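Hi everyone, thanks for coming.

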Amino acid sequence: MTAVMVAARELVKVFPTRKRTVRAVNGVSFTCTAGEIFGLLGPNGAGKTTTLRMLATILTPTAGTAEIAGFDVRAAPDKVREQIGFLATETGLYDRFTARETIRFFGKINRLSGAEIDNRTTELFTLLELTPLADRRVGTFSTGERQKLSLARALIHDPPVLILDEPTFGLDVMAARAVVDAIRMLKAQGRTIILSTHIMRIAEKLCDRIGILYHGQLHALGTLDELKTRFAAPDLEEAFFAAVATEQSV
Ligand SMILES: Nc1ncnc2c1ncn2[C@@H]1O[C@H](COP(=O)(O)OP(=O)(O)OP(=O)(O)O)[C@@H](O)[C@H]1O
Ligand SMILES: [Mg+2]
């Protein structure tokens, strides 16, 4: 049996604001098995980032919980953090560091030894084709180059689970392709990947299973073929519109 690596169980996040409370995530449940790429597809404001931030232990759920590699995000957030690499939409890189210094810095934060950091740097820069940029300051990097360095940073401690929020955000077609290829390679290494996107093509091309998130609820969940069949849709975009028109959430 394939191991469940990510399990979201009735996740809810309510943000109290001055005027009213925002139910950003309203009972989201799904599982993701080892070696799978699972995509949360939804429009702006659907609750994608909020869901991923709860999985990454950055936000505490208002209700429900999630387990990553068997560790509960509420009970064992430190253990969860060891199991995950998180790519946020804001890169959090330092312009004055070179790529190599960036990895060294985050490697030290993750308590890796100097030799481990050097090995991981060589490995990750080769995988992500960052070697020619290794000693350049991040401030001079293009958006795509920054995104690849952010991915390297998320992978420094060799986590089995990757949580990627809009991994192709702001990238042109070529840079997006490079990141998509990198994600496929990370899957081929046996990692479990959960990502968010609002781009149909990315979900279609990359994800083994797709959850359609709308107004904080999953309206449908399945493989591309399952979604197309269920909604009698020729492509994901049509399935998406049909799914969000349904009242029922999965
Ligand atoms: N800290 C917060 N306080 C109040 N409301 C919030 C907060 N964070 C998110 N929200 C609200 O929760 C909802 C979901 O936001 P979220 O960022 O999860 O959406 P998203 O699917 O990632 O959207 P996008 O595609 O624009 O990134 C939105 O209505 C947003 O305004
Ligand atoms: Mg978002």
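Let me begin with a term: a polar contact here is a pair of N or O atoms within 3.5 Å, and within protein one must be able to donate a hydrogen and the other to accept it, while residues adjacent in sequence count only if both atoms are side-chain atoms. With that in hand, look at Lys48, where a polar side-chain atom sits 2.8 Å from an oxygen atom of ligand 1. Thr49 has a side-chain N or O atom 2.7 Å from an oxygen atom of the ligand. For Thr50, the side-chain N or O atom is 2.5 Å from an oxygen atom of ligand 1. On its own, ligand 1 exposes 640 Å², and the protein buries 61% of that; these areas come from the Shrake-Rupley method with a 1.4 Å probe, and for residues only the protein chains shown count as cover.

Before I go on, a word on the source: this is a predicted model, so local features need pLDDT of at least 70 and side-chain atom pairs count only at pLDDT 80 or more, whereas totals for chains, interfaces and linings use all residues. Residues are numbered from 1 along each chain as its sequence is written, chains are lettered from A and ligands numbered from 1 in the order in which they are written, and side-chain values use heavy atoms, with hydrogens and water left out.

Now, how many residues surround ligand 1? There are 13, and the closest are Gly45, Gly47, Lys48, Thr49 and Thr50; to be near, a residue needs a heavy atom within 4 Å. Helix α1 gives the largest share of that shell, three residues. Helices (H or I, at least four residues) and strands (E, at least two) are DSSP runs, numbered from the N terminus.

Stepping back, the protein has nine helices and 10 strands. Its C-alpha trace spans about 55 × 45 × 40 Å along the principal axes. Of the 250 residues, 49% are buried, that is, under 20% relative accessible area, with exposed meaning over 50% and partly exposed in between (1.4 Å probe, protein chains only).

Let me finish with one residue, Ser150, which lies in helix α5, residues 143–154. Is Ser150 buried or exposed? Ser150 counts as buried because its relative accessibility is 4%. Setting aside neighbours within four places in sequence, Ser150 is in contact with Leu87, Thr91 and Leu93, where contact means heavy atoms within 4.5 Å.
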